[in-house]
Amino acid sequence: MTRECAALLPGVCAALAEPRQPGLDDTCLEKLLDWFRSLTWFDPTVELVQDNPCLTELITSVLALQDPSPGILSFTLQLAGILASSESRFQHLQQEKLLWRLFGREGPRGGSAWEDASVRSAWLKAVHSMVHHQPALHFLCSSGGMDVIFTLQGDPSLFVASAASQLLVHVLTFSLECETSKALSTKDCDWPACAQMIVKHIQESLQSSSASHIQQALKLLSSLFGSCFGSCYAAWTEVLWLDIAKQIESFLLEETVQAQPLLANLLLNVARSPVFCGTEGSFWALLTSALEHLTPVEAGPLAVGLLKLCKCPQDVRIQALTVLLQPMDCILRAASQPLECAGLLDESVSDPGTVESLLSSRTSCAGLLCQTLAHLEKLLSLKHLRVDLPCVSLLHSLMTILQLCNGFLSPASPLGSSISRNLINSFRVQKAALDVLAALSEKKDCGTLIGSVFDVLLAYLQSPNTSPTVLKKTFQATSKWLVHLQGLSCSNSQWQQTEKILEDVFGVLQKRLCSPCWEVRDSSLEFLTAMAKCLRDQKEFRQCLLSSEVLRLTENLLEDPESYVRASAVTAVGHLALVTCFAPEPPVTGHQFNKEGIVAKLQEILSADSEGFPRRAVISIFTKWLREGCTGQLEGTEQFVSRVIQTVERDSDWEVRLGGLELVEVFCSQTICQLSQCPYAPVPSEVSSSSPQKELLQVFCRAKLFGFLFSSLCDCDKPVGQRACDVLVGLRAHFYPMSTLENPQEIEDSPAGRGIAWLQRTLRQGSLAQKFPTDRGDGVDFQDPESMMLALGAIDLLELHDELNKSSDHVEESPQSLLQDILATVGTTEDNEIDCY
């Protein structure tokens with residue numbers, strides 16, 4: 001602690017203990033506690049409390065108050081817990097008889113303040129902070145604190161109940177940590193005292209007739225096995241599991257105990273423990289039993305968790321997959337005609353009647369399917385799945401679900417009819433099924449059904465009943481399957497199928513681009529952009545694009561009344577231009593963009609659009625065009641970049657200005673590559689006056705880059721200044737590769753010297769709000785190569801870089817500032833008086 005803070009602390013403690021003082025802001029008190037945590041973390045000695053007696057005086061004063069405010073009492077409890085986190089300070093507070101009064105039977109837990117959840121929560125946090133040495137552990141056991149924690153496990157406040165559970169995990173783990181030298185036998189094991197209390201409490205709760213006590217015990221066990229206890233204390237983990245295994249098994253068979261979801265979570269956390277690495281044993285048999293006895297909704301999370309485990313035995317893994325596929329199998333069988341499809345499964349893990357009953361019920365059908373589909377999507381995203389998914393049958397089932405949802409399939413069976421009624425127009429199921437359908441596009445085996453897949457997708461794209469959100473998902477799945485289609489072998493029949501599918505897709509797209517719903521127009525443009533990115537080199541795609549009205553409709557949407565649509569239209573036009581007018585071999589037939597017209601329209605949007613989204617899209621597209629080399633030879637590119645940045649530097653949107661800096665960075669990199677003797681190489685010092693270097697500076701000055709870069713350094717939005725500084729530092733590294741920088745004193749008397757010195761001072765002040773002179777003799781000529789060479793060499797850009805990367809509150813974010821602010825508010829009654837950094 002600094003001397004300044006030590007001098008301020010007594011006044012702050014006195015203010016906090018003053019009962020008539022209005023309550024301080026909770027954030028302020030939290031920041032104060034954060035400071036004490038950092039102090040005690042780095043210094044475990046007793047000097048902190050000995051040298052600052054005001055801390056113990058504060059605790060004593062608050063304890064003496066008849067009715068302290070919950071905020072101050074909570075603060076005091078947590079402060080005491082933080083101070084008592086080291087053994088020496090704990091002993092000091094014990095001698096002062098403060099800990100018993102705070103955490104013992106006569107403490108706050110016996111008063112009216114205990115009714116406030118924040119006080120109970122603070123008590124738990126304080127004990128958690130304190131229990132980091134054995135004396136604190138013994139104190140907790142002897143003071144009746146363990147019983148308090150057990151009670152708070154069932155607290156009506158979820159925050160308090162969760163904190164109690166976390167504290168019990170910490171206490172058990174720490175008590176075992178203190179006994180690491182003790183020999184352990186799984187047959188004859190004595191838990192340490194505190195741990196024994198917790199284990200006994202768990203066992204009694206599990207055998208209780210109270211459902212809430214059983215649930216609390218299961219939650220605590222899940223937390224234990226899911227924490228470092230399960231992985232770091234393997235022998236003790238096995239002992240604990242052997243103590244409770246039979247009780248857990250009985251819960252699986254009892255339908256009276258409503259704890260099945262908790263059981264699934266517990267078993268999964270136990271399975272993740274390294275104790276059960278073997279493929280044999282009763283534990284895996286219990287997991288098999290769980291997969292059989294839990295309902296499909298309860299067993300789903302357990303099944304997907306087991307499939308992700310490397311050490312799970314193959315027979316258990318197959319059972320877990322079967323659980324996930326059961327609802328999909330049921331759908332397929334219920335909706336298919338006899339012998340049309342064999343289904344996904346040869347046999348079920350649990351009673352198929354349970355799944356059929358859930359799918360027949362309107363209240364549970366969508367929920368079960370959405371959960372199942374989400375699990376399957378998660379599995380499909382895994383790179384290494386240690387079990388084979390029946391992708392073709394799964395695809396059949398997905399298409400069946402999607403057809404049931406939009407009413408395009410009428411099953412003959414009673415079960416199928418019931419499921420169909422439950423799923424009709426279910427947006428939730430449609431979106432989940434389309435996500436899985438998109439994921440299956442990456443599986444090679446599914447190519448045989450590609451015609452049927454596009455039949456389903458096109459039906460959704462064409463249907464007027466498809467909601468905008470489902471349509472967006474359909475577009476996303478369609479783009480994925482179009483990529484899959486592109487990768488298939490190009491036989492003559494396959495080429496004809498591809499052409500027909502693309503023609504149908506563009507036919508639908510033309511209608512959707514004219515939709516009165518802006519979300520539909522926006523999704524259509526996003527889909528068009530995705531196609532242009534993935535299929536730009538495909539002959540069939542270009543042919544269908546040019547023979548449709550899509551280019552004209554997309555260009556029209558640059559003037560859409562909705563700014564999101566205009567932005568998406570800009571992006572689509574930018575990518576489509578790469579396919580048509582900027583292509584290496586531009587097509588000679590079909591509808592085309594007029595290159596000059598498109599560029600002029602985008603520049604008009606950049607300079608005049610009232611919304612930021614379209615302007616951001618334009619600068620992003622211009623940068624992409626520049627990267628792709630679409631802006632002509634060097635002279636044309638130079639003029640293009642100059643026009644763009646002169647527009648961008650006046651833009652009110654900082655993201656547009658930031659995009660302009662990215663454009664400049666790309667331009668600088670490309671120009672250096674073209675004009676330097678070796679691409680990406682810095683200019684050697686011995687040729688520092690060579691022609692390429694002069695030419696580079698002339699190009700950059702003609703393009704008016706330096707005025708934009710130096711003014712951006714002092715932009716009111718810090719990311720802009722940081723990016724501009726990065727670009728300038730990169731340029732300086734090119735022009736001054738050996739750090740042979742100019743001496744500011746030596747250039748002071750040169751013609752440009754006074755201007756450079758002014759620029760250096762102005763940059764240090766951090767403001768270029770004034771319009772700096774560019775045409776007077778003492779000004780800075782940002783278009784003069786020699787002046788800019790001097791500026792790059794003389795201005796300390798690295799110092800500026802460090803300043804720009806400092807946190808904006810680095811000056812005020814200090815304990816001293818916080819203490820001063822607290823003292824400044826003593827006696828005030830207005831809210832929000834404190835600057836809590």
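Biologist: Which residues touch the most other members of the largest nonpolar core?

Modeller: The model is a predicted one. In soluble globular proteins, nonpolar side chains tend to be buried together. Here the largest nonpolar core has 279 residues. The members that touch the most others are Phe103, Trp241, Leu306, Trp625, Phe700, Phe706 and Phe710.

Biologist: With which residues is Phe103 in contact, leaving aside its neighbours within four places in sequence?

Modeller: Phe103 belongs to the largest nonpolar core. Once its neighbours within four places in sequence are set aside, Phe103 is in contact with Leu77, Ala80, Gly81, Arg109, Trp123, Ala126, Val127, Met130, Phe139 and Ser143.

Biologist: How many helices and strands does the protein chain have, and what percentage of its residues is buried?

Modeller: The secondary structure of the protein chain comes to 43 helices and zero strands. Of the 837 residues in the chain, the buried share is 52%.

Biologist: Why is helix α31 described as largely enclosed by the rest of the structure?

Modeller: Helix α31 covers residues 563-579, and at 1.5 Å a residue its 17 residues should span 24 Å. Its end C-alpha atoms are 25 Å apart, which agrees. Helix α31 is largely enclosed because its buried residues number 15 of the 17.

Biologist: Is Thr2 buried, partly exposed or exposed?

Modeller: Thr2 lies in the segment before α1 (3-17). Buried means under 20% relative accessible area and exposed means over 50%. At 41% relative accessibility, Thr2 therefore counts as partly exposed.

Biologist: What distance separates the C-alpha atoms of Thr2 and Pro815?

Modeller: Thr2 and Pro815 are 813 residues apart along the chain. In the model, the separation of their C-alpha atoms is 9.4 Å.

Biologist: How many residues lining the largest cavity are nonpolar, polar and charged?

Modeller: The structure holds three cavities of 30 Å³ or more, and the largest contains about 60 Å³ of space. Its lining consists of Asn406, Asn425, Gln430, Tyr460, Ser463, Asn465 and Thr466. By class, these residues divide into one nonpolar, six polar and no charged.

How values were computed: Residues are numbered from 1 along each chain as its sequence is written. This is a predicted model: local features need pLDDT of at least 70, side-chain atom pairs count only at pLDDT 80 or more; totals for chains, interfaces and linings use all residues. Side-chain values use heavy atoms; hydrogens and water are left out. A nonpolar core is a set of buried Ala, Val, Leu, Ile, Met, Phe, Trp, Tyr and Cys residues joined through side-chain atoms within 4.5 Å. Buried means under 20% relative accessible area, exposed over 50%, partly exposed in between (1.4 Å probe, protein chains only). Contact means heavy atoms within 4.5 Å. Helices (H or I, at least four residues) and strands (E, at least two) are DSSP runs, numbered from the N terminus. The expected span of a helix is 1.5 Å times one less than its number of residues. On a 1 Å grid over the protein atoms alone, a cavity is a set of points where a 1.4 Å probe fits but cannot get out, and a pocket is an open set with protein on both sides within 12 Å along at least five of seven lines; lining residues have an atom within 4 Å of a point. Grid points are joined across faces, edges and corners, and a volume is the space filled by probe spheres set on the points. Ala, Val, Leu, Ile, Met, Phe, Trp, Tyr, Cys and Pro count as nonpolar, Asp, Glu, Lys and Arg as charged, and the others, Gly among them, as polar.
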